[in-house]
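This briefing is meant for a reader who is meeting the structure for the first time. Please look over the sequence and the model below before going on to the notes on the pocket and the ligand.

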Amino acid sequence: MNAVSAASSKPSTPSATAAPKSAGLEGIIAGQTAVGAVTQGQLLYRGYEIHDLAQNATFEEVAHVLLVGHKPSAAELGAFKAEIVAERALPELVIDTLRKTARLPNTVPMDTLRSAVSLLAHLDPDCQDVSPAANLRKSKRLLAKIATIIGHMQNVIDGRDLVKPDPSLDHAANLLWMMTGKKPTSEQARVLDVSLILYAEHDFNASTFTARTIAGTLSDLHGAVTGAIAALKGPLHGGANEMAMEMLKEIMKDVGEAGIGTAKVDQWMDKAFAEKRKLMGFGHRVYKNGDHRAPILHKLGRGIAEKDTGNPGGHPALAWFRLGEQVQKIMLDKKQIHPNVDFPCGLTYFTMGIPVPQYTPIFVASRITGWAAHVMEQHANNRLIRPIAEYVGRPQTKW
Ligand SMILES: CC(C)(COP(=O)(O)OP(=O)(O)OC[C@H]1O[C@@H](n2cnc3c(N)ncnc32)[C@H](O)[C@@H]1OP(=O)(O)O)[C@@H](O)C(=O)NCCC(=O)NCCS
């Protein structure tokens, strides 16, 4: 593949001024992909539109579409699901490391997950093999095992016995089961399943581009995914789903449940604007008229909150949604900035009682499919990804 179109124009004397430049590579076409398409108008995974997938597909079907490349037949889906279920168990070394790292004082779950994925490389018989067949085998193993890492890690954090994977449960339901030791309702399982569908693929976002850059040196899938996890962790990328919920908690603490729907929320937001604060879960590098995924998840999460009798964070789940909706309206009215998928994700996972620090790891449990599809695409038609920089430092100086 031709990575970074700027480089592919091959100027006779490479120079910074000959190439298009853009802060943060905004608007630069950095290569080609057949995995997914992100445009203002729609989001496609290998040609399938995201609303269609959220309505009609399951996460395992979407994973098959991304990893194998086509919509599975019933027999193919059955075989694919059986392979994933068979790969769920973790090696003892990884479990032992989870026990030793998950509760370290300076550790967050994304760090534990990153280290565990890196450790899995040592134990994978295909680790050094970047052939298409080996990459596909490793992708399925990572897809299966990342969910178990998240579940077991949460068990360690909670100080409980490890909850073993349940082979009768699909990916999303099993993830909830392993994290909590409680069988989810079919609605909870479906809402998590749809959130995994929505998070699975998003063309050259920062973590996928990281994975492709690593793969472009002909390095291996585990290394590319480890790097991608590090990139996803940041609050400007996947970490935003956790930070969005933290921000809502902060607003709720300041205005109180009685303050929802009143000018108190406007005042909180005005102060944040005056301080030039970035409000997490809002804005997007590509989508300037709204994120296609956000309303889908908002509706589903609200549906759970409307029935919920629990009190996440000490307030009814619906109160959190009402607060979130007011914040969204203020952002749109005053800043013309739409929520991205991380905003309803925070609200939805909070309603479902999922611990906030696991929101971004759950994003990984889904995006592993998109990353792996991109790594395979990169390896299949590789060209080293190596842009050029514009030098703005000191002119040549004698030592
Ligand atoms: C996602 C994000 C990094 C995209 O950034 P970007 O394409 O570089 O957008 P810009 O920073 O150029 O934003 C354009 C303007 O909108 C403002 N803006 C964008 N997102 C904002 C946000 N979440 N809160 C407040 N202001 C925001 C910027 O400050 C900038 O204002 P200015 O022109 O007065 O300086 C950015 O919107 C952001 O930081 N969002 C919060 C983190 C987040 O939710 N990330 C998940 C993305 S899926």
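In this predicted model, 47 residues line the largest pocket, and those lying nearest its centre are Asn205, Leu236, His284, Arg285 and Val286. Two or more residues of that lining come from each of the elements α10 (206-215), α13 (263-274), α15 (317-335) and α17 (359-380). The ligand sits in this largest pocket.

**The pocket**
- The space that lies in the largest pocket comes to about 1,500 Å³.
- When the residues of its lining are divided by class, 22 are nonpolar, 13 are polar and 12 are charged.

**The shell around the ligand**
- The ligand is surrounded by 18 residues, and the closest of these are Leu279, Gly281, Phe282, Arg285 and Asn340.
- By class, this shell consists of 8 nonpolar, 5 polar and 5 charged residues.

**Polar contacts with the backbone**
- One nitrogen atom of the ligand lies 2.7 Å from a polar backbone atom of leucine 279, a residue that is also listed among the closest to the ligand.
- A nitrogen atom of the ligand is also found 3.0 Å from a polar backbone atom of leucine 236, which is one of the residues nearest the centre of the largest pocket.
- For glycine 281, a polar backbone atom is 2.8 Å from an oxygen atom of the ligand.
- Of the 860 Å² of accessible area that the ligand has on its own, the protein covers 62%.

How values were computed:
Residues numbered from 1 in each chain as written. Predicted model: local features only at pLDDT ≥ 70, side-chain atom pairs only at ≥ 80, totals over all residues. Heavy atoms only, no water. Near = heavy atom within 4 Å. Polar contact = N/O pair within 3.5 Å; in protein donor to acceptor, adjacent residues only side chain to side chain. Areas by Shrake-Rupley, 256 points an atom, 1.4 Å probe, with all protein chains shown as cover. 1 Å grid on protein atoms, 1.4 Å probe; cavity = no way out; pocket = protein on both sides within 12 Å on 5 of 7 lines; lining within 4 Å. Sits in = over half its atoms within 2 Å of the grid points. Nonpolar A, V, L, I, M, F, W, Y, C, P; charged D, E, K, R; others polar. Points joined across faces, edges and corners; volume = space filled by probe spheres on them. Helix = DSSP H or I, 4+ residues; strand = E, 2+ residues; numbered from the N terminus.
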